[in-house]
Amino acid sequence: MTDAVKTRMLWTDLPTDLVARIERILGSSVVSAISQAEGFSPGSADRVATAAGRRAFVKTAHRGHNEGAYDLHRREADVMRLLPPEVSAPALLGSVVTDDWAVLVVEDIEGRHPGRAGDGSEIVAVLDAFATLPRLTEGAGAAIRPAADEFMAEQDSWRMIEEGSIRVPEWAVANRARLRAAAEGVLDVVAGEHLQHLDGRADNVLMDAEGRAWLIDWPWAAVGARWLDGLFYVFDARVRGESFDAEETLRSHALFEGVDDADIDAVLAGVAGNSFVKASLPAPPGMPTIRAFQHTWGVEGTRWLEQRWG
């Protein structure tokens, strides 16, 4: 992934009354906090330990610093309260939401992000974690938005590229009509009944010492097609340059059983197109590197489709 934004708040930046509320959730005073630099959020992210020996991961967002991050933290807390225990995700221990702050206190997972070896050896374990996401019974996912709601911009992305003269690779220019047609069908393709994380990059996964993958950071969760998260992770592994056969992974893992090639193409076309559109916009406050990251996703999406389409 691209370099993380270096504008995070630290634990020591948090007001004392907020720290006191976090400590009430943990049942003891916090005696150490190690700030985590990775990720795009400008809020704080700390692995903490209490005087009683309890450990947790705490992340916060201040509304005045970045209202978007504040809203995402609130949404993530709502989602995590609904996660069934079979999902390979840390447990939500508690949350604090005020007019100014949104805070999540979650189980601390001792681990690292996957893919450091660059050989694709951990991809199956991550896909297995996504396979724990359940099919939701009627009413169970009422508080979680349909995946199609998150793909409206993808559906329309290549029209916006045409009208806005947005820079895309030469192959994409030559195949713009086919890309547009594929992306326009994405809303039907992503519909489904399974809980989906919808931000399945390596920086949102932790590998523990036993080789189990844990899914973290849930603000974009939705209800949709079972295989979406798996495709996004395979896509992310390509972006990061891991050495593996993406097409063989799609053929061999159970997450993708019965999935039509055209459906995968629709998602790739939509995500690539919307990545180019977002990359053309000014960077949001406190997140200066995200547009370059999005452009990289657009380039890799069209490169993968070029390989798939010949």
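Mentor: The span you'd expect of a helix is 1.5 Å times one less than its number of residues. Keep in mind that this is a predicted model. Take helix α11, residues 261–279: its 19 residues reach 27 Å from the first C-alpha to the last, close to the 27 Å expected. It's also mostly covered, with 15 of its 19 residues buried.

Now for the sheet. Five strands make an open sheet, ordered β1-β2-β3-β5-β4, and the pairing is antiparallel. At the edges sit β1 (30–35) and β4 (92–97), each pairing on one side only. From one strand to the next, the twist averages 25 degrees. Follow β4 to its partner β5 (residues 101–107) and you'll find five bridges joining these antiparallel strands; Val-97 stands opposite Ala-102 in β5.

Helices come up against that sheet too. Helix α1 (residues 16–26) packs on it and touches β1, β2, β3, β4 and β5, its direction making about 155 degrees with that of β4. Helix α2 (residues 67–80) lies across β3, β4 and β5, and runs at about 40 degrees to β5.

Trp-158, Arg-159 and Glu-162 of α5 meet Arg-176, Leu-179, Arg-180 and Ala-183 of α7. Sorted by class, that contact has three nonpolar, no polar and four charged residues.

Conventions. Residues are numbered from 1 along each chain as its sequence is written. This is a predicted model: local features need pLDDT of at least 70, side-chain atom pairs count only at pLDDT 80 or more; totals for chains, interfaces and linings use all residues. Side-chain values use heavy atoms; hydrogens and water are left out. Contact means heavy atoms within 4.5 Å. Helices (H or I, at least four residues) and strands (E, at least two) are DSSP runs, numbered from the N terminus. Ala, Val, Leu, Ile, Met, Phe, Trp, Tyr, Cys and Pro count as nonpolar, Asp, Glu, Lys and Arg as charged, and the others, Gly among them, as polar. Buried means under 20% relative accessible area, exposed over 50%, partly exposed in between (1.4 Å probe, protein chains only). Two strands pair if DSSP finds at least two bridges between them. Axes are lines fitted to C-alpha atoms, for helices over the stretch in contact, and angles run from 0 to 180 degrees between N-to-C directions.
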